[in-house]
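Thanks for coming. I have one model to go through this morning, and I will keep to what can be computed from its atoms.

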Amino acid sequence: MLERSNTNMTLDRIFEEIFNMINGASRIPLTDKIVIEENDLACALDDLKDAIPKEVSNASHVLEEQKNIVNKAYEEADKIVQQAKDEAERIIGRATAEADSKIQEEEIVKQATIVAEDIKADALHYQEEIKRDADDYATRVKHGSLQYADDILAYLINNLQSALQGLTDNRSSINEESKNLQSYANNFLPDSDKLSDDEE
């Protein structure tokens with residue numbers, strides 16, 4: 001699992017502030033509804049709008065860093081293979097030079113050539129393994145980054161839906177209370193004390 005970023009922790013803090021607003025808000029008598037200060041909620045939502053783009057940017061940086069690791073692995077593999085090839089060519093060249101001056105040492109050249117070819121074959125095999133491992137690692141990193149971004153978006157959607165539903169419920173409750181007060185005034189108060197539409 002990818003490490004949580006500072007921005008992700010900032011999102012947690014903002015949502016915690018919103019939940020604290022809800023828990024500490026004044027309750028409407030005789031209902032399970034609450035009233036939240038508009039300015040406090042607006043400030044929290046502004047902070048949320050600033051934090052979301054930063055979280056998406058952090059996910060992009062993580063993916064870019066992993067790509068750099070993969071590229072470095074490719075470069076290291078190529079370097080090792082090239083060194084092996086150079087060493088093999090050096091062995092073959094030295095063996096060939098000695099064989100030219102000493103025909104009787106022909107077997108040495110043959111053995112050196114076999115060793116050099118073995119070295120080259122091992123180096124190529126090692127290169128293939130490194131590149132295969134690097135490709136597998138890149139795939140896992142990409143999948144992990146995409147899953148991380150999806151988790152963040154799901155987390156944001158869930159919390160925003162909860163907050164918006166709470167605001168919608170509060171607004172509906174306030175409207176319902178207003179209607180109840182109007183109904184009470186019309187049924188039980190003298191005409192002079194009844195609430196007019198303008199007084200509402």
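I will take the overall layout, then the core, then the aromatic pair, then the charged pairs.

First, the ground rules. This is a predicted model, so to speak of local features I need pLDDT of at least 70, and side-chain atom pairs count only at pLDDT 80 or more, while totals for chains, interfaces and linings use all residues. Residues are numbered from 1 along each chain as its sequence is written, and side-chain values use heavy atoms, with hydrogens and water left out.

Layout. The chain has three helices and two strands. Helices here are DSSP runs of H or I of at least four residues, strands are runs of E of at least two, and both are numbered from the N terminus. In sequence order the pattern is α-β-β-α-α. Contact means heavy atoms within 4.5 Å. Of the contacts in the chain with a separation of 6 or more, 73% are between residues 24 or more positions apart.

Now the surface. The accessible surface of the chain is about 14400 Å², and carbon and sulfur atoms hold 52% of that. Areas come from the Shrake-Rupley method with a 1.4 Å probe, and for residues only the protein chains shown count as cover. I call a residue buried under 20% relative accessible area, exposed over 50%, and partly exposed in between. On that scale 22% of the 200 residues are buried.

In soluble globular proteins, nonpolar side chains tend to be buried together. By nonpolar core I mean a set of buried Ala, Val, Leu, Ile, Met, Phe, Trp, Tyr and Cys residues joined through side-chain atoms within 4.5 Å. The largest one in this model has 13 residues, and those touching the most other members are Leu11, Ile14, Phe15, Ile18, Leu48 and Leu156. Helix H1 (6-24), helix H2 (38-101) and helix H3 (106-188) each supply at least two residues of this core. H1 gives the largest share, five residues.

Please look at Phe15. Leaving out residues up to four places away in sequence, Phe15 touches Leu48, Tyr155, Leu156, Asn159 and Leu160.

Next, the rings. How many aromatic pairs does a search of the whole structure find? The answer is one. Phe15 and Tyr155 have ring centres 5.6 Å apart and planes at 85 degrees, so the pair is edge-to-face. The rule takes rings of Phe, Tyr and Trp (its six-membered ring) with centres within 6.5 Å; planes under 30 degrees apart are stacked, over 60 edge-to-face, and the rest tilted. Because Phe15 is in helix H1 and Tyr155 in helix H3, the pair ties together parts 140 residues apart in sequence. Tyr155 itself is partly exposed, at 30% relative accessible area.

Last, the charges. Side chains of opposite charge can pair when their charged atoms come close. My cut-off for a salt bridge is a side-chain nitrogen of Lys or Arg within 4 Å of a carboxyl oxygen of Asp or Glu. The count by this rule is four, and I will show some of them.

Asp78 pairs with Lys131, with the closest N and O atoms 3.6 Å apart. Asp78 is in helix H2 and Lys131 in helix H3, so this bridge ties together parts 53 residues apart in sequence. Asp78 is partly exposed at 38%, and Lys131 is partly exposed at 28%. Gln127 is in helix H3 and is buried, at 15% relative accessibility.

Arg90 and Glu87 meet at 2.5 Å, N to O; both are in helix H2, three residues apart, about one turn of the helix. Arg90 is partly exposed at 41%, as is Glu87 at 32%. Asp46 and Lys49 meet at 3.8 Å, N to O, and they too lie in helix H2, three residues apart. Asp46 is partly exposed at 39%, whereas Lys49 is exposed at 57%.

That is the end of my part.

Key
Buried < 20%, exposed > 50% of the residue type's maximum accessible area, 1.4 Å probe, protein only.
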